[in-house]
Amino acid sequence: MTLAEGVWHQIFSFENYGELLALVRNSLIAGVALGLVGGLAGVFVIMRDLPFAVHGISELSFAGASAALLLGVNIVAGSIAGSLLAAGAIGLLGARARDRNSAIGILMPFGLGLGVLFLALYKGRAANKFGLLTGQIVAVDTPQMAWLLGTSALVLVALAVIWRPLTFASADPDVAAARGVPVRGLSFVFMIVLGLAVALSVQVVGALLVLTLVVTPAAAAARVTASPVLLPLLSVVFAVLSIEGGILLALGGSIPISPYVTTISFTIYALCRVAGAYRTRRWGDRRVVPQPA
């Protein structure tokens with residue numbers, strides 16, 4: 001076998017694929033839930049210019065998951081705890097974008113340093129350490145499944161409750177505040193919801209590449225539409241396609257899931273960017289700007 005053939009076999013190998021497919025039933029179900037969460041939360045991440053916050057939260061989510069791994073407790077619970085701490089801190093300290101970015105810049109290295117410390121102290125399997133950075137959804141077990149689905153349901157309910165006022169506050173915070181919308185309160189609540197969404201996404205692609213689920217699908221959708229209906233719909237579709245496609249491709253290879261998910265997500269974004277540019281040149285930008293209801 002040549003070097004090229006060996007590399008290709010590691011990336012794509014579909015021997016006994018049918019038998020392996022039965023082992024990822026939980027992963028595929030969880031992938032749909034995480035696609036919904038990441039796709040919908042990502043809409044507001046783009047509207048509120050929070051990609052940097054997503055990365056900052058993921059670092060403390062990684063620290064929480066690492067601490068849970070070291071202590072032998074539920075990793076998803078640890079990841080959620082770390083995310084909520086980061087999201088709460090950013091929400092409290094970062095009322096203005098300038099302050100928020102400073103707070104995130106402080107939290108990121110702190111969370112990453114803690115995570116590295118906990119992993120260095122952990123004496124178990126190296127694969128468990130690597131999975132926190134690159135994702136490990138192909139091995140979702142029943143306890144993790146319950147945490148993932150339960151937290152996903154909580155995030156979706158919260159987003160449904162605050163969707164309309166949060167859209168208003170995100171599109172024009174000054175006018176929203178003048179009309180009595182609790183802009184600061186909504187911002188804090190959304191940061192908590194975002195923290196939960198990030199913690200869930202870390203389980204798929206790991207702490208280093210979480211942006212690919214919470215940011216890229218929504219950014220891709222925004223390249224082709226700004227309709228208040230189509231934007232979240234396309235964002236969810238793109239997120240689900242990225243996750244499910246990544247799981248199915250990773251099953252046939254011997255490398256982590258994250259390269260597959262990120263490649264699919266980036267490809268979708270690139271195609272949407274090209275389609276958006278072509279549409280603008282041919283017909284002008286006729287997208288519908290979302291207006292608060």
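Student: Why does V240 count as buried?

Tutor: V240 has a relative accessibility of 19%. Buried means under 20% relative accessible area, exposed over 50%, and partly exposed in between, with a 1.4 Å probe and protein chains only. V240 therefore counts as buried.

Student: What kind of model is this?

Tutor: This is a predicted model, in which local features need pLDDT of at least 70 and side-chain atom pairs count only at pLDDT 80 or more, while totals for chains, interfaces and linings use all residues. Residues are numbered from 1 along each chain as its sequence is written, and side-chain values use heavy atoms, with hydrogens and water left out.

Student: Which residues does V240 touch?

Tutor: Contact means heavy atoms within 4.5 Å. Not counting residues up to four places away in sequence, V240 touches V32, G35, L36 and G245. The C-alpha atoms of V240 and S265 are 9.7 Å apart, at 25 residues along the chain.

Student: In which helix is V240 found, and what makes a run of residues a helix?

Tutor: V240 is in helix α13. Helices are DSSP runs of H or I with at least four residues, strands are runs of E with at least two, and both are numbered from the N terminus. The protein has 14 helices and zero strands.

Student: How do α3 and α13 cross?

Tutor: The axes of α3 (residues 25-47) and α13 come within 7 Å and cross at roughly 145°. Axes are lines fitted to C-alpha atoms, for helices over the stretch in contact, and the angles run from 0 to 180 degrees between N-to-C directions. The crossing of α3 and α13 is right-handed. A crossing has that name if the near helix is turned clockwise from the far one by less than a right angle, and is left-handed if anticlockwise.

Student: Which residues of α3 and α13 make the contact?

Tutor: On the α3 side they include G31, V32, G35, L36, G39 and V43, and on the α13 side L231, P232, V236, A239, V240 and I243.

Student: How do the residues of the contact of α3 with α13 divide?

Tutor: There are 14 nonpolar, five polar and one charged. Ala, Val, Leu, Ile, Met, Phe, Trp, Tyr, Cys and Pro count as nonpolar, Asp, Glu, Lys and Arg as charged, and the others, Gly among them, as polar.

Student: What makes a set of residues a nonpolar core?

Tutor: The set must consist of buried Ala, Val, Leu, Ile, Met, Phe, Trp, Tyr and Cys residues joined through side-chain atoms within 4.5 Å. The largest such core has 57 residues, of which V45, V54, I57, F190, M191 and L194 touch the most other members. Helix α10 (residues 183-205) supplies the largest share of this core, 13 residues. Another core lies apart from it and has nine residues, among them V43, A221, I268 and C272.

Student: What does M191 touch?

Tutor: Residues up to four places away in sequence aside, M191 touches L50, A53, I57, A87, I90 and G91.

Student: Why does L50 count as buried?

Tutor: L50 has 3% relative accessibility, so it counts as buried. L50 lies in the loop between α3 and α4 (51-71). Beyond its neighbours within four places in sequence, L50 is in contact with V45, R100, F190, M191 and L194. The C-alpha atoms of L50 and R100 are separated by 9.5 Å, although the two residues are 50 apart along the chain.

Student: Does D49 count as buried or exposed, and why?

Tutor: The relative accessibility of D49 is 56%, so D49 counts as exposed. D49 is in the loop between α3 and α4.

Student: What is the phi of D49?

Tutor: D49 has a positive phi of about 55° although it is not a glycine. Most residues other than glycine have a negative phi.

Student: Why does A86 count as buried?

Tutor: A86 is at 0% relative accessibility, so it counts as buried. A86 is in helix α5 (residues 75-93), and is in contact with I57, L60 and L107, leaving aside neighbours within four places in sequence.

Student: Why does T225 count as buried?

Tutor: The value for T225 is 9% relative accessibility, so T225 counts as buried. T225 is in the loop between α12 (216-224) and α13 (230-251).

Student: How far does the backbone nitrogen of S227 lie from a polar atom of the side chain of T225?

Tutor: The distance is 3.0 Å. A polar contact is a pair of N or O atoms within 3.5 Å; within protein, one must be able to donate a hydrogen and the other to accept it, and residues adjacent in sequence count only if both atoms are side-chain atoms.

Student: How many residues of α12 are buried?

Tutor: Seven of the nine are buried, including T216, P217 and V224. Of the 293 residues of the protein, 47% count as buried.
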